[in-house]
Amino acid sequence: MRQRTAWVVVLAWLLAPGLLAQEPQTVQGRLAAAKIAEARGEFANAEKQLRDALAMAALSQRGEVEAALRSLLQRLGRPQEGATVAATVDPVQRLIETLDTGGIEDAAVKAARDSLASLGGLAIPQLLSAMPKLGPFGLGHVLNLLGSHADPRIAEAVAELVRKADPAVALVVADRIAEFRTEVAGPLARRLFLPESGNPVPVRAEAWFALCKHGAATSTDVAGALPLLENGDPEASGNVIAGLALVRDEWATAALHGLAERALIPQVRSRLIAAVAGRVQSAEEMMIVQQLEALPADYRLQPAFSLAREHPQWPLVAAVALRTNPEPGMVAALVMLTEWWRKPEASAELLLQVLDLPLAEGKRRSSPRTMNPETSVPRACVDALRSLVERGWVLPPERDGLVLQAIQRAQYAGSAFVSFLPFDGEERALAAFTNGGETFGVELAQGALSPARPWFRLTVRAMAAVASNPHGSQGKYGDLLVRDWNGAPAEVVAELVAVTSVAVRNGNSSQGAAARAMSTCPTLPVDLLFPYLATREGLEAIQLAEERDPKALLGWLRANPTVADNDNLTTQVASLLLRHGGALDVPLAVHLIRSGAALGEVSSDEIAQFLTANGRGHLEVVRLAEQPIRLVPSDTWVRLATEAASEVASRDFRSAVALCPALEPSCAQALHTRLLRIIRKEDAAALLADLRGMPPVALLDDSGTTSALSRKITLLAAAGGPAAIPLLDELLAAMPPTEPDSAADRLAGLIARTRIELSPQPRADVIRSMLTSGRVVEVLAAMRSPEAWQPELLDTLVAAAVRVATQRAIIDSFAEIAASAWLPFCRAVLAHRDLAQCKPEFVVHVLRGLGDARDPAAIPLLASALAHGRTAVRLEVARQLGRTLSPDAASALITLLRDDDPELRKAADDALTAIADHADKLQKWQARFPAKGR
């Protein structure tokens, strides 16, 4: 491929018209000519072309030329000469050629530069001779090396290079003149600056700048520089002005002033103004401002911006630049640099205007790459305004919104706004909170904590924002909570407590923060700790709350008893009750017992001690004995309930009555006994109203209700009055037939006795009325009243008994009747004309009652009952006659021995045997122990 390319080149040369008629002037031309000569057999010419090409080749071309020459010499049979081709090159020349291969970062170039620099002046001739044929890299490196030398030959060679080089190369060279030593730069600049040099305007302008820099310019040179200003080349005019600015002589200052006033091109005039500004004092700031404002707007920005950057103490100049509305990067840089505090009022208004106006869109090359104009401008303005505030400037309230928006655009935290507000600016801060959003508002409140502003409402509002956020932060809420709350209004403290409760519920606050806040401000209520009781930190919270205010803690637990169900708190609450609790805390103690909380032995004992001291008479304690009892240890709580029941207050009468049926029997009895002692007339009336509200049938539907009704009737008997009689009558009327000695039977007797006791009429009249009633239950109930057995009511009682006995059996119903009343009753019954119609059971019961007296006088009455038609009655007559052990009963019994009923005959025989045995024994013992005096 390489060989084909070479022949293509040769062919091109062959076809080029007139090629052989002239000497090649380039390296590639000589290479081609060498190939043509070798092809013709002109080997000497070919070798000459290659050696000439090697002499003029740059470093980048030498490798190709050297390879071609070695190859030719090899073909000519001279390989030893080919090996020495590279060695014949001058080493200094090789170093210079290396300079043309790259920039200073290149390692080979850097090494070459260092080597040439170490040669000092010895390398100057070769450097100067190499300049015309060097490329951009090489020329730049050589000029840098020559700049450190004061050799006069340098000026001559460089001037000649500029004269012969194209404008681009000439300008590059001229740009380096100012960096040369003064001994070289002065003469060189002078030659290039002179009009007769014929150099282009840019080259002459660069030369003028070098003259000024090295102090070689004079007042007479100004006339030669003036045409360069009006040429229209911005860079050239800039060099002229920059050069004048470097000269501190009076002629240069006068020239700048004059040129600034006369310059026709606005761009030139703006640059001259900037140069003049470098020579005036701060007191002349207004003069510069006037000159800048006289410029067209398109040419005002750059000098104003440059002057403002050069003179940060000139805020009015910076204001001119800002009013020209530069692009955002320039605005940010200018605002950050300027010392606005020197003119605070004017500066503040200007900065606020900058924030309120849109910025120009334009080139942003002046902005650092890392600067975001959307944030840099407002950030710079905010910082500048804040520096004014620190020196006494006050932000007007109506501009709060503007500054607030700027702070947000600057991506500053809300705390930055605090510095703009006065000490009493909480209302303005609250408005900012509303307008800035939740996060900004929280940061604003945090910022207010640092300067210790008493903005309590703002803090609570920020805390509310964090508290209501389920994704809030404990740290953020804690920072707000631990501030100094001394002096906070009561309504703020109340809101603080409420907000803390929300924060705890959402997991945004810790008990530690509340504890620190309370340690800082002893006036904070202990209520602040209560929300933490239901959390994992509850134990620490309850301990701290007890130390602070145990009564308030108990009050809160009374309102929130379920918190105490936490197994971590049960022991602490039990101890708290024992140490600080009172009667109001009894429901809390009972709740602990009933909640199923893990009460240990110690806690149970503590609660028991507390209830012993405070629970007497409390119905909540009495309810501990409600059946079925599932509480452990049940005997302890039943004992406490019984003790409490024995001291129930009259105000709890109605509730106690309702509770009584559900209690364990011993407790129920203790409560009933207590109620009998404390019942009042108004209690009886209320009790009566309750009973009237229930249908009688419902009151008598089961034994449990009957027992409860019995207690209520007993209570009515203790304090009731005649008003209860209609109800008692209804109850008696609703009573179904009862079995003797049953609960209902006893209840009926109780109702009857109560009716008798409460009746305003004489008792005998009431009983007589009841005995003659057509209601069996009422009659039976009256018969069970002791008053019914008075002698004056005997006939009525016997008639009622015989009448009732014809309808139902009465067995063991009169066990409590005294014998003195019972025997007359039995005699009267046996003597009654309707005895034969009575049920056998009743007659047998009467016979036994009469037989219990063992009175021989009753034998005729007993014998009269033999007329009863029922065998059971006649058998009982035989037995009871035998129990009299009296011989007077023998005749009646002997009569029975003739009866057809064997059982009756046997009963008579047994009775006679008993009487006879008794008589024999009596006779025997009387004989042995005769009575004295017989």
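Within helix α7 (residues 107–119), Asp114 and Lys110 lie four residues apart, about one turn of the helix, where helices are DSSP runs of H or I of at least four residues, numbered from the N terminus. The two side chains form a salt bridge in which the closest N and O atoms are 3.4 Å apart, a salt bridge being a side-chain nitrogen of Lys or Arg within 4 Å of a carboxyl oxygen of Asp or Glu. Asp114 is partly exposed at a relative accessible area of 44%, and Lys110 is likewise partly exposed at 43%; with a 1.4 Å probe and protein chains only, buried means under 20% relative accessible area, exposed over 50%, and partly exposed in between. The model is a predicted one, in which local features need pLDDT of at least 70 and side-chain atom pairs count only at pLDDT 80 or more, whereas totals for chains, interfaces and linings use all residues. Residues are numbered from 1 along each chain as its sequence is written, and side-chain values use heavy atoms, with hydrogens and water left out.

The structure holds 32 salt bridges. One of them joins Arg386 and Asp383 at 3.1 Å, N to O; these residues are three apart in helix α23 (residues 373–390), a separation of about one helical turn. Arg386 is partly exposed, with a relative accessible area of 22%, as is Asp383, with 32%. A further salt bridge pairs Glu626 with Arg594, their closest N and O atoms being 3.5 Å apart. This pair links distant parts of the chain, since Glu626 lies in the loop between α36 (619–622) and α37 (634–645) and Arg594 in helix α34 (residues 586–594), 32 residues apart. Glu626 counts as partly exposed at 28% relative accessibility, and Arg594 is partly exposed at 39%. Salt bridges also link Arg616, Arg639, Glu643 and Glu647 in a network.

Turning to helix packing, the axes of α10 (residues 152–164) and α12 (residues 182–193) come within 9 Å and cross at roughly 30 degrees, the axes being lines fitted to C-alpha atoms over the stretch in contact, with angles running from 0 to 180 degrees between N-to-C directions. Helix α10 is therefore roughly parallel to α12, a term that covers angles under 35 degrees. Contact, meaning heavy atoms within 4.5 Å, is made by Ile154, Ala155, Glu156, Val158, Ala159 and Val162 of α10 and by Val184, Leu188, Arg191 and Leu192 of α12. These residues divide into eight nonpolar, no polar and two charged, with Ala, Val, Leu, Ile, Met, Phe, Trp, Tyr, Cys and Pro counted as nonpolar, Asp, Glu, Lys and Arg as charged, and the others, Gly among them, as polar.

Terms used. Helices (H or I, at least four residues) and strands (E, at least two) are DSSP runs, numbered from the N terminus. Angles under 35 degrees count as roughly parallel, over 145 as roughly antiparallel, 65 to 115 as roughly perpendicular and the rest as oblique.
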